[in-house]
Amino acid sequence: MIDLIGSILLDALGYTTARLLVPILTFGRVRVQALRAEPRRHNWFGFARDADGSHQLEATMAGWYGLVFWLGALVVVLALLR
């Protein structure tokens, strides 16, 4: 049950958020890897360089970055409501 909830949060909420926001915030220089893409070598933070000079963000790390975004938004909302 907890695994299902974690998977939904990471894949659905986090990945989708990162898939939408990362290209916008980086002006297209960083793209998010597709969920079912073939494995590649990424660095510690989930980035790999493409042949055209842009960067690719690993799907799992994109999910974590998306969740961190929502946690930060929750903290800001709670701070404003206080």
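Aspartate 50 forms a salt bridge with arginine 40, the closest N and O atoms being 2.6 Å apart; a salt bridge here is a side-chain nitrogen of Lys or Arg within 4 Å of a carboxyl oxygen of Asp or Glu. This pair links distant parts of the chain, with aspartate 50 in the loop between S2 and S3 and arginine 40 in the loop between S1 and S2, 10 residues apart. Salt bridges that share partners join Arg31, Arg40, Asp50 and Asp52 into one network, and a search of the whole structure finds three salt bridges. The model is predicted, so local features need pLDDT of at least 70 and side-chain atom pairs count only at pLDDT 80 or more, while totals for chains, interfaces and linings use all residues. Residues are numbered from 1 along each chain as its sequence is written, and side-chain values use heavy atoms, with hydrogens and water left out.

The side chain of arginine 31 meets that of aspartate 50 in a salt bridge at 3.2 Å, N to O, a pair that joins strand S1, where arginine 31 lies, to the loop between S2 and S3 across 19 residues. Arginine 31 also meets aspartate 52 in a salt bridge at 3.4 Å, N to O. Aspartate 52 lies in the loop between S2 and S3 and arginine 31 in strand S1, so this pair ties together parts that are 21 residues apart in sequence.

## Accessibility of the network residues

Relative accessible area is computed with a 1.4 Å probe on protein chains only, and buried means under 20%, exposed over 50% and partly exposed in between. Aspartate 50 is buried at 17%, whereas aspartate 52 is exposed at 56%. The two arginines are partly exposed, arginine 31 at 37% and arginine 40 at 35%.

Helices (H or I, at least four residues) and strands (E, at least two) are DSSP runs, numbered from the N terminus. Helix H1, which spans residues 2-25, has a kink of about 25° centred on glycine 14, where the bend at a residue is the angle between axes fitted to the seven residues ending there and the seven starting there. Glycine 14 is also one of the buried residues of H1, together with Leu10, Tyr15, Thr17, Ala18 and Val22. These buried residues pack against strand S1 (30-32), strand S3 (55-57) and helix H2 (59-81).

Leucine 20 also lies in helix H1, but counts as exposed at 56% relative accessibility. The C-alpha atoms of leucine 20 and alanine 62 are separated by 10 Å, although these residues are 42 residues apart along the chain. Just after H1, phenylalanine 27 takes a positive phi of about 55°.

Glutamine 33 is placed in the loop between S1 and strand S2 (47-49), and counts as buried at 7% relative accessibility. With contact meaning heavy atoms within 4.5 Å, and not counting residues up to four places away in sequence, glutamine 33 touches Tyr15, Arg19, Glu38, His42, Gln56, Leu57, Glu58 and Ala59.
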